[in-house]
Amino acid sequence: MTTLATPSKKRIDSIDILRGMVMVIMALDHTRDFFTKLQYNPVDLTRASTALFLTRFITHYCAATFVFLAGTGAFLYLSRGKTKADAFKFLVSRGIWLIFLELTVIYVAWGEGHFLQVIWAIGVSMIVLGFLIYLPVPVIAAFGLLLIFGHNAFDNVDMSSFSTTGKTLWMFLHVQGLATMFGTSFFIMYPLVPWVGVMAVGYSFGTLFTIDAAKRKKILLTLGFSAIVLFILLRYFNIYGDASHWSYQGNVHRTILSFINVQKYPPSLDYLLITLGPGMILLALLEGSGNMLTNIFVVFGRVPLFYYILHLYLLHLMAILAAVITGQHKGVNFSLPMVYVMWLTAVFILYFPSKWFMKYKREHKQWWLGYL
């Protein structure tokens, strides 16, 4: 039977470090969700302060990097002596498992509404990737890049003439919105098309980790800086790559914020360039690094799903306790500095169970550990 290319069996710390970094940053945005009652978009420059905008913007790097590295991780994990059939079975079953978690365990953690968020997007993308792996890697890369670079061509599609089923399908694929299925309403926060492309490209990206480290670092730096340059060119001319255009805001620093204020839902081409580009540069810079701080990030990066679920329940519990203590029974509304305090507190607490589970996964080989 045909097997995938075989990289080194040693874990690549730079990937785990970067994944851990974005997991920690992700918790900041969710802390803000649980501990504030913001009535407007935190990147709305007509209302948001610079500090609030940047608090939200920095977390834009999380979803893109998380989905991209999920694809890379699939290549590295599944290529170690696994057959295509083994890879297909794992990707499809894990994808279904992630969708199930989104609709059950994660839904309960948020405590309100049915939202199809990043875990759902990763789940569906893994199922699609399960079929794609039977194609040559360059074809998978081309498919992913086509979705990433091409989906913004459909930004101005008018849904008014669509049937109810057509509108629902289009929202699942390309437009954020509320859809109803089987008598239940779901808010589709993560339309699928671009995310499927991100995972496909991330999977193809895994081939870089089968080559010499020095050569890989040069390629990573070239790709990263090229993505940033392309972002600047596309964004400056406001021609293609993002449905929302930047504009002069009366001073330099607010204008810069407008320039980088790209669309995440669905992720525009500009959004993916400005997030994945710096991510590739970081991967290059993290190559061979190791210190006390990166060792902490490694812990979170090696148990991302465990951490993700645990951090939602912890933040929810902390918000309930804060509401009881402060007497704000309808939910707390903390200042931004207090949000940061709660965030760092949560990350500190989460380090210990995450480290325990990382060690457990390393010392045990039960099949179900691959699903956490």
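The following legends describe close-up views of a predicted model.

**View 1. Helices α1 and α3 pack with a left-handed crossing.** Helix α1 covers residues 13–35 and helix α3 covers residues 60–78. Their axes come within 9 Å and cross at roughly 150°. The two helices are therefore roughly antiparallel to each other.

**View 2. A salt bridge joins D16 and R302.** The side chains meet at 2.9 Å, N to O. D16 belongs to helix α1 and R302 to helix α13 (residues 292–302), so this pair ties together parts that are 286 residues apart in sequence. Both D16 and R302 are buried. The two residues also take part, with D13 and R19, in a network of salt bridges.

**View 3. E287 and R216 are connected by a salt bridge.** Their closest N and O atoms are 2.8 Å apart. The bridge links distant parts of the chain, with E287 in the loop between α12 (269–286) and α13, and R216 in helix α10, 71 residues apart. E287 counts as partly exposed at 21% relative accessibility, whereas R216, at 6%, counts as buried.

**View 4. A nonpolar patch lies on the surface.** The patch is formed by V229, L233, Y236, F237 and I239, which together have about 570 Å² of accessible area. I239 is located in the loop between α10 (213–237) and α11 (252–260). With 70% relative accessibility, I239 counts as exposed.

Conventions
Residues numbered from 1 in each chain as written. Predicted model: local features only at pLDDT ≥ 70, side-chain atom pairs only at ≥ 80, totals over all residues. Heavy atoms only, no water. Patch = residues over 30% accessible without salt bridge, like charges linked within 9 Å, V, L, I, M, F, W, Y side chains within 5 Å. Areas by Shrake-Rupley, 256 points an atom, 1.4 Å probe, with all protein chains shown as cover. Salt bridge = Lys/Arg side-chain N within 4 Å of Asp/Glu carboxyl O. Helix = DSSP H or I, 4+ residues; strand = E, 2+ residues; numbered from the N terminus. Buried < 20%, exposed > 50% of the residue type's maximum accessible area, 1.4 Å probe, protein only. Axes fitted to C-alpha atoms, helices over the stretch in contact; angles between N-to-C directions. Parallel < 35°, antiparallel > 145°, perpendicular 65-115°, else oblique. Left-handed = near helix turned anticlockwise from the far one by under 90°.
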